[in-house]
Amino acid sequence: MKTKPDLSFWKLWNLSFGFFGVQIAYALQSANVSRIFATIGADPHDLSYFWILPPLMGLLVQPVVGTLSDKTWTRFGRRLPYLIAGALVAVIVMCLLPNAGSFGLGISSAIIMGLVALMLLDTSINMAMQPFKMLVGDMVNEKQKGLAYSIQSFLCNAGSVVGFVFPFLLAWIGIQATAPDGVVPQTVIWSFYIGAAILMLCVLYSLVKIKEWPPKVYAEYNGGSTEENSPKEKTNMVKLLRNAPSTFWTVGLVQFFCWFAFLFMWTYTTGTVATIAFDTPVTDRISAITNGETTITGKYILINDTVTVVKEGKATVKGVTVNGQTTTCSLIVKNGNDTIVSDGNIIYDKETSMSKADFSVPFAKAGDRLSIDGTETILSSDAVLADHLNGLNGQVKFTTGTNVARDHTSGRLDVLEKEDIVVNDASKAHFDTVKALDTASKQYNNAGDWVGILFAVQALGSVLWAVILPRFRSRKLSYAVSLILGGAGFILSSIITDQYLLFIPFALIGCAWAAMLAWPFTILTNSLKGGNIGAYLGLFNYSICLPQIIAAITGGWILAAFSTPGQLAPQYIMMIIAGISLIIGACCVGIIKEGGNKPVREAIPESEI
């Protein structure tokens, strides 16, 4: 087997340049997915569950892409066809995901649409990302692999910076940064559009500049059978794992704690920063209606099958009482010409996209404050829930369920999977509520844009730290120190209340990110030989995906364990847990053995399958 030749800097650069565009897409996903779903109306305790899909798709897709591309030989190469397919799907889905709340769907339907789009986006990103990792393994010699992965790390972080800052920059140049309740701001939507365009340009550049080796040349430098369409060799994942070098497993253990931590960062940073650094207002989400005897819960609650009382945790506006005078809705105006409430919905100002009416509770009652166009009025009449149920008194039938349907012939509303409950004294009914961040507020959206800046600081810190990493005498020492610094950054991010001082912890988190990008693949690929490099790199992706899946499944439970019923979820706690996880990962670095690995068989004969 021949020694691979040295490649010029620019050839190494071209092998990884497409990573820049792919990472922009990944950065937009990482920084904005929780913000998108929270804006649509997801409960903070459920946010981690939405993050199950990205690593699950990586778990399923990357080993398949690695294995199939090991056996693929086309006129375009063996890895590039998967890059093309992944990028095309990613571009389409990037235009759909941020618009999940813009089609007039209910919260549940919008969330389902967002989940499908997220699943397809992460599948396509994984398809597009994996070829660049494998191209380095295919074409770069052992001496240059460190440099090749450093270039890849630089492009990865550069793409991250661009993707992270897009919403903030678009808001700075005047794109609308707020939107009606449940709708994602234009700054986020256009960031995804621009990111999709850049991804396509980077893929086209890669197709022009990268020339993969033909089968015979590849075999000369990498060994193993590479005959096109050869049926003589198949890849058995169990056999590969059984014969994996010990480095595969020890580095994988460190990876577990690292990626567990970063899943929490992507999930809970926006909520943490919005709460502790931007003083985002807190609103009440309706969890039930109760009259002391009966508790009525459901995503949708109707009165007498016709009047919507609660829709996805929010009450519809049925009337306003000001200075003793009650006005029931279908239409409420101010000074005879300025519409405040129409057909049960609060009207939004066209210029600011902020609501013209601000109700302190879902239904106005005595002592509450109502602000109309910034002018505050104290409500003085004795208004209770029953006053807003079309003036009904006495016995009232509530219908609860999970989905609202409308009979277009009669205009009648109904609830699917419904349950009818009779309340004997509607005048005693009141709302049970839970606290949630006001995702339509200016503060929350400013915090969401600022999270992109903080993630960009993390990426820049990673670039700078990547220059320092090779100066350590020991890879393991630099790996462990980097993770400890990142752990400290996570913990600090949960207690710092100044938005600018948050640059410090996120720069420290960048140190951990740099080591996570540089050392695992460098250490692993140096221990791999033979024709199954792509399959092993695909399998190694399990050490990235499994911890994220576990973190996503357990995140809601962990957050609930630290939450007080009815109060705002303390998302900052999850950042502290992320920091502890990184520090545990640093302790595990000591068990990695870079030398003395048992040999890896180049191929597994079909007879052993």
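Where pLDDT is low, predicted coordinates should not be read in detail.

This is a predicted model, in which local features need pLDDT of at least 70 and side-chain atom pairs count only at pLDDT 80 or more, while totals for chains, interfaces and linings use all residues. Residues are numbered from 1 along each chain as its sequence is written, and side-chain values use heavy atoms, with hydrogens and water left out.

Next, select residues 596–609: pLDDT stays under 50 here too, and the model has 35 contacts beyond four places in sequence for them. Colour the whole protein by pLDDT; the mean is 76, and 69% of the residues reach 70 or more.

Now show helix α11 (residues 246–276) and helix α16 (residues 542–561). Their axes, lines fitted to C-alpha atoms over the stretch in contact, come within 8 Å and cross at roughly 50 degrees. That angle makes α11 oblique to α16, oblique being what is left after under 35 degrees (roughly parallel), over 145 (roughly antiparallel) and 65 to 115 (roughly perpendicular). Among the residues making the contact are W259 and W266 of α11 and P547 and I550 of α16. By class, the contact has 14 nonpolar, seven polar and no charged residues.

Finally, select Y26, W51, W259, F262, W266, F490 and W513, which form one aromatic cluster. Rings pair if their centres lie within 6.5 Å, taking the six-membered ring of Trp. The whole structure has 29 aromatic pairs.

Key. pLDDT = per-residue confidence, 0-100. Contact = heavy atoms within 4.5 Å. Axes fitted to C-alpha atoms, helices over the stretch in contact; angles between N-to-C directions. Helix = DSSP H or I, 4+ residues; strand = E, 2+ residues; numbered from the N terminus. Nonpolar A, V, L, I, M, F, W, Y, C, P; charged D, E, K, R; others polar. Phe/Tyr/Trp six-rings, centres within 6.5 Å; stacked < 30°, edge-to-face > 60°.
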